[in-house]
Amino acid sequence: MAEIQPFRGLRYDLAQVGNLADVTAPPYDVISPAMQDELYQKHPCNVVRLILNRSEPGDESDQDRYTRAADFLRNWLSDGILMQERDECIYAYDQEFDWEGQHYVRRGFMARVRLEEFGTGQIFPHEETMSGPKADRLALIQACRTGLSPIFGLYPDEAEQADGLLRGLTAGLTALETTDELGVLHRMWPTSGREGINQLRDLLREKPVFIADGHHRYETALNYRNWLRETGELSPDDTTSPANFVLMHFVAMSDPGLAILPTHRLVSGLPELPAADISEILSPCFTIEEIGVGAEAAQQTWEFIEADGGQAVFGLCSPTDGIWLLARLKDGSAMDEIAADHSEAWRELGVSVLHSLVLGHLIGGLYPEDEPQFKYVHRLSEVTEAVDGHTCELACLVPPARIENVQQIASGFEKMPPKSTYFYPKLLSGLVLNPLY
C-alpha cells in the first residue's frame, strides 16, 4: 500500500528573499562546479548551500560541508528566511516546457510517502545505485534532519482522477512561479483542502509507485530511518515519525506532459570503424541501411527511429567516414542467448540490446582488450557535433524507453541498465523542504 500524507513543509518567505528563481536550484547531481559558483552568487540563501555545500579554506574534513549546511538551515529558520507551513498541505506542482519543438505541461503533486524496503510493498525502483552518493546524502540528512529535495515517482491513473482532484484543490489559489535557467516554468500551489487530500490518499492507496528519479535519495531516506533505529532515536514501533516518510513528487503515467527523452551514446576507446566494417560486424543480427552523411542524414536516421517506434532500432555513425547507418534487430534469439539471466522485458529494451549485443557481444567480441567509455547526451545536435569534431569513435542514436518498459521491468524487481531513462525536466530543489523532526 502506498501511503501518502500531507505535511507542514518549509518554504522560503518571499517577502525576505524576493524571487524564487534566486533561491531555488536543480537537483544536486546535475550541478557542475561552475553552476555551483553561479548559484552561490545568486543569493546568500540559495538552496545550493544546503543541497551541495562547497568546501571552504580552513575545512578540517569533508564533514564540515554538512555541518555548515545544517548551520545555514538552522539560521534561515531562526531568521524567518524559511517558514513552516501553518497547516498540513500537499503541494500541486506543474512544469511547463518545450523540447525539440514540442510543448509540454507535466502535472503532479508533492507529498510525503511512507518508506518501504524494496520488494516489500508498492514502491518499485528501476535503476541501480552507487554507494558513494548514498554515503554523501546520508551524511547531509544526518546533519540537517530535513529532506531537501523531492523524489520523482510515477503511478498508474488512466482515468485521470488525480488531475481532477488537483484542479479542484487549486481552484482559486495563486501559484508560486519561477522559471529556471533552461526556460522551464515551475508552478506550485500549497493546498490544505482536507477532503481533496483524503481523496488523493485513497486513490494512491492501492496503486504501485515507480521511482523515476531520485533512487539514491530514496535509499538514503531508508538508511536514515534505519540509522535512527540503530541509535535508539527512533523506536521500531513508532510509525508516525516523519523519519518514516520521504518527500515525493507524484505524476500519473498517463500524464500527457510526461516526457521520457532519449539518451544517446558517444563511445570512445574503440578502434576506428568505417561504416562498411560496422555493417559487416552487425550483419549476423541486424539489417543495415545506409542513410547518408552529415547532420541532415543524422536527422533522417532519427526520424526513421521515431517512426519505427520500437526499441531495437539504432542509428550508428563513426567519425571515420561520417556515414549514418540504421540498424534493425532481426529477431531476439541472440539476446535470448547472451542475456538469458534477464527477463524478456529487459532483453527487449533498446539500451539492453545496444550494450549487451552490439557493444558487448558483436563489437566487444572482436576487440576484447578495448574498454569503451561512454558520454551520454540527449540532443541530436550534441551527437552531430561530436561526429563532426571527432570526439568519439562511435555515435549511437538510441530510442527512449517507454513508460511500459519501466513498469514491466521494475514490477519484476529488476533493474534497467544505467542511463535507460531521462525524465525531463528535473524537479527544482528549494520549492518546499520536508522537516524530519
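Student: Which ring does the charged end of Arg54 sit over, and how far from its centre?
Tutor: This is a predicted model, with local features needing pLDDT of at least 70 and side-chain atom pairs pLDDT 80 or more, while totals for chains, interfaces and linings use all residues. Residues count from 1 along each chain as its sequence is written, and side-chain values use heavy atoms, without hydrogens and water. A charge sits over a ring if NZ of Lys or CZ of Arg is within 6 Å of the ring centre and within 35 degrees of the ring normal. For Arg54, the ring is that of Tyr40, and the distance is 3.8 Å.

Student: How many aromatic pairs does the structure hold?
Tutor: Rings of Phe, Tyr and Trp (its six-membered ring) pair if their centres lie within 6.5 Å. Planes under 30 degrees apart are stacked, over 60 edge-to-face, and the rest tilted. The number of pairs is 15.

Student: Why is the pair of Tyr12 and Trp76 tilted?
Tutor: The ring centres are 6.3 Å apart. The pair is tilted because the planes stand at 45°.

Student: Are Tyr12 and Trp76 buried or exposed?
Tutor: Buried means under 20% relative accessible area, exposed over 50%, and partly exposed in between (1.4 Å probe, protein chains only). Both Tyr12 and Trp76 are buried.

Student: What is the angle between the ring planes of Phe124 and Phe413?
Tutor: The centres of these two rings, Phe124 and Phe413, lie 5.4 Å apart. The pair is tilted, so look at the planes: they are at 40°.
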